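Trainee: I would like to learn how to read the helices, the sheet and the core of a model. Where should we begin?

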Amino acid sequence: MMSAFLKKLLFVRQFSIEDGKIEMLGKREIMLPSNILFWMQAQNKQTYELSKQMTIESVKEFGKKIGSSEEGMIKNMKEIYETFGLGPLEINDLKNEKKEATITIKDSSMAKEYMRYNKGVAKTGQCELVAGILAGMFSFLFNADVNAIETKCLSTGSPSCIFSIGKGVR
Ligand SMILES: [Zn+2]
C-alpha cells in the first residue's frame, strides 16, 4: 500500500520514478537497500554531521515547495521522513520556545539492519544517520542550530529508538 502523502505527491506530479530517475518535490533521490546505507554509516565517522548538513539543505528546498503553517510544516516533515522508509516517526514532546523535542522512531531500518547482520543486540545505539537527519529537520523547524542524540535504540533491546533534540544534547 502507499501512504496518503505519497498519493498526494503523485497527484500533483511531485513524485516520479521514470527513466532511471526518482524525483520527489523537485529533488533527485536514490533508493538504496538499508543494508548498503547501514554499512556506509558504519564506515563513516562523519555520518552525523554530514546527514545533518545535507538534511538542512534538502528541507530548505522542500520547505519552499510545501511552505505552510508551522504545524503543517511539522506534519509534512514527518511524512517526508516516513516516505524515505526510515521508520515511523512520532513526536512525543515538542517545546517550540525551548527548541527541544523528544522523538520516537519505531522499527528503525538502521537498527533492524544491525540486528539482522549481527544476529543479536548492540552495546550502543546504531542510528547515527537518523540522528543527523532529525537534527537537520529540527534545525530547520526551530530555525536554530540544534542537535539530536539517540538515548535508546531498538538495537540495544529497547522497544523503539528515542532521540532527544536540543541545543546542548551532544
Ligand atoms: Zn536506533
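Mentor: Begin with helix H3, residues 47–66. Helices (H or I, at least four residues) and strands (E, at least two) are DSSP runs, numbered from the N terminus. The expected span is 1.5 Å times one less than the number of residues. The 20 residues of H3 should therefore span 28 Å, and the end C-alpha atoms are 27 Å apart, which agrees. This is a predicted model: local features need pLDDT of at least 70, side-chain atom pairs count only at pLDDT 80 or more, and totals for chains, interfaces and linings use all residues. Residues are numbered from 1 along each chain as its sequence is written.

Trainee: Which residues of H3 are buried?

Mentor: A residue is buried if 20 or more other C-beta atoms lie within 10 Å of its own, exposed if 12 or fewer, and partly exposed in between, with C-beta atoms placed from the backbone. In H3 the buried ones are Tyr48, Ser51, Lys52, Thr55, Val59 and Phe62. They cover an arc of only 100° around the axis, so they sit on the same side of H3; the arc is taken over the directions from the helix axis to the C-beta atoms. An α-helix has 3.6 residues a turn, so residues three or four places apart point the same way. Lys60, Glu61 and Lys64 are exposed on the other side of H3.

Trainee: What covers the buried residues of H3?

Mentor: The cover includes helix H4 (70–83) and H6. Contact requires C-beta atoms, placed from the backbone, within 7 Å.

Trainee: In what order do the strands of the open sheet come?

Mentor: Strands of a sheet pair through backbone hydrogen bonds, either parallel or antiparallel. Two strands count as paired if DSSP finds at least two bridges between them. Here four strands form an open sheet in the order S4-S5-S7-S6, with antiparallel pairing. Strand S4 (89–95) and strand S6 (147–152) are the edges, each pairing on one side only. Five bridges join S6 to strand S7 (residues 161–166), and Glu150 stands opposite Phe163 in S7.

Trainee: Which residues of the largest nonpolar core touch the most other members?

Mentor: A nonpolar core is a set of buried Ala, Val, Leu, Ile, Met, Phe, Trp, Tyr and Cys residues joined through C-beta atoms within 7 Å. Of the 33 residues in the largest one, Val130, Leu134, Met137 and Phe138 touch the most other members. H6 gives the largest share, 11 residues. Leu134 touches Ile103, Ala148, Phe163 and Ile165, not counting residues up to four places away in sequence.

Technical notes
Contact = placed C-beta atoms within 7 Å.
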